[in-house]
Amino acid sequence: MGDETMTDQAERPVVLVVEDEALTIMDLADVLEAAGYQALQSASAERALGLLETRGDIVALITDVELSGRIDGFALARSAAQSRPGLPIVIVSGRAKADPDLIPAGARFVARPCGGDDILDVLTGLMANRG
């Protein structure tokens, strides 16, 4: 039975979730897992960039704007869009405003307060329009 669980997880689309608030990232990961995704969690943009370079199975990125470290979510999103064209990207923030100059083409901005289901809805829309 353990092998089936590992196989099921390996077949689930991997979404990279970048958030430095522990409860927020866990809640969002739970919503994604319940929707059939595998949530790969990172607390910093620097680590996330490394994961994007080494993990070709990542199919989408969800990032907060304010992160620990030197790179914020806007810069992470731009780097991800440049290195992985067509990657669905959702940027979330409760403080920063949606600045078109900072958001890569095709990415979506979601303002907090919002729930994990709201973020999932935006991600689902981006995934459906991909191609």
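## A walk through a predicted structure

Cys114 sits in the loop that runs between strand S5 (108-111) and helix H5. Is Cys114 buried, exposed or partly exposed? Its relative accessibility is 23%, so Cys114 counts as partly exposed; the cut-off for buried is under 20%. If we set aside the neighbours within four places in sequence, Cys114 is in contact with Val92 and Ile119.

The peptide bond from Arg112 to Pro113 is cis, and its omega is near 10°.

Along the sequence, Cys114 and Ile62 are 52 residues apart, and in space their C-alpha atoms are 14 Å apart. Ile62 lies in strand S3, which covers residues 58-64. With a relative accessibility of 2%, Ile62 counts as buried, because buried means under 20%.

Two packed helices are described by the angle between their axes and the distance between the axes. Helix H2 (residues 22-34) packs with helix H5 (residues 116-129) at an angle of about 50°, and their axes are 9 Å apart. That angle makes H2 oblique to H5. The crossing of H2 past H5 is right-handed. Which residues meet there? From H2 come Leu28, Val31 and Leu32, and from H5 come Gly116, Asp117, Ile119, Leu120 and Leu123. Sorted by class, this contact of H2 with H5 has six nonpolar residues, one polar and one charged.

Helix H3 (residues 45-54) and helix H4 (residues 73-83) pack at an angle of about 10°, with 10 Å between their axes. H3 and H4 are therefore roughly parallel to each other, since angles under 35 degrees count that way. On the H3 side the contact is made by Ala45, Ala48, Leu49 and Leu52, and on the H4 side by Leu76, Ser79 and Ala80. By class, the contact of H3 with H4 has six nonpolar residues, one polar and no charged ones.

Ala96 has its place in the loop between strand S4 (89-93) and S5. Its relative accessible area is 22%, so Ala96 is partly exposed. Apart from neighbours within four places in sequence, Ala96 is in contact with Val65, Phe74 and Phe109. Between Ala96 and Arg130 there are 26 Å from C-alpha to C-alpha, and the two are 34 residues apart along the chain.

The other loop, between strand S1 (14-18) and H2, holds Glu21. Glu21 is also partly exposed, because its relative accessible area is 49%. Glu21 and Glu66 are 45 residues apart along the chain, while their C-alpha atoms are separated by 9.9 Å.

Finally, how confident is the predictor? The protein chain averages a pLDDT of 90, and 92% of the residues score at least 70. Over residues 1-7, however, the pLDDT is below 50, and this stretch has zero contacts in the model beyond near neighbours in sequence. Where pLDDT is low, the predicted coordinates should not be read in detail.

Key: Residues are numbered from 1 along each chain as its sequence is written. This is a predicted model: local features need pLDDT of at least 70, side-chain atom pairs count only at pLDDT 80 or more; totals for chains, interfaces and linings use all residues. Side-chain values use heavy atoms; hydrogens and water are left out. Axes are lines fitted to C-alpha atoms, for helices over the stretch in contact, and angles run from 0 to 180 degrees between N-to-C directions. Helices (H or I, at least four residues) and strands (E, at least two) are DSSP runs, numbered from the N terminus. Angles under 35 degrees count as roughly parallel, over 145 as roughly antiparallel, 65 to 115 as roughly perpendicular and the rest as oblique. A crossing is left-handed if the near helix is turned anticlockwise from the far one by less than a right angle, and right-handed if clockwise. Contact means heavy atoms within 4.5 Å. Ala, Val, Leu, Ile, Met, Phe, Trp, Tyr, Cys and Pro count as nonpolar, Asp, Glu, Lys and Arg as charged, and the others, Gly among them, as polar. pLDDT is the predictor's confidence in each residue, from 0 to 100. Buried means under 20% relative accessible area, exposed over 50%, partly exposed in between (1.4 Å probe, protein chains only).
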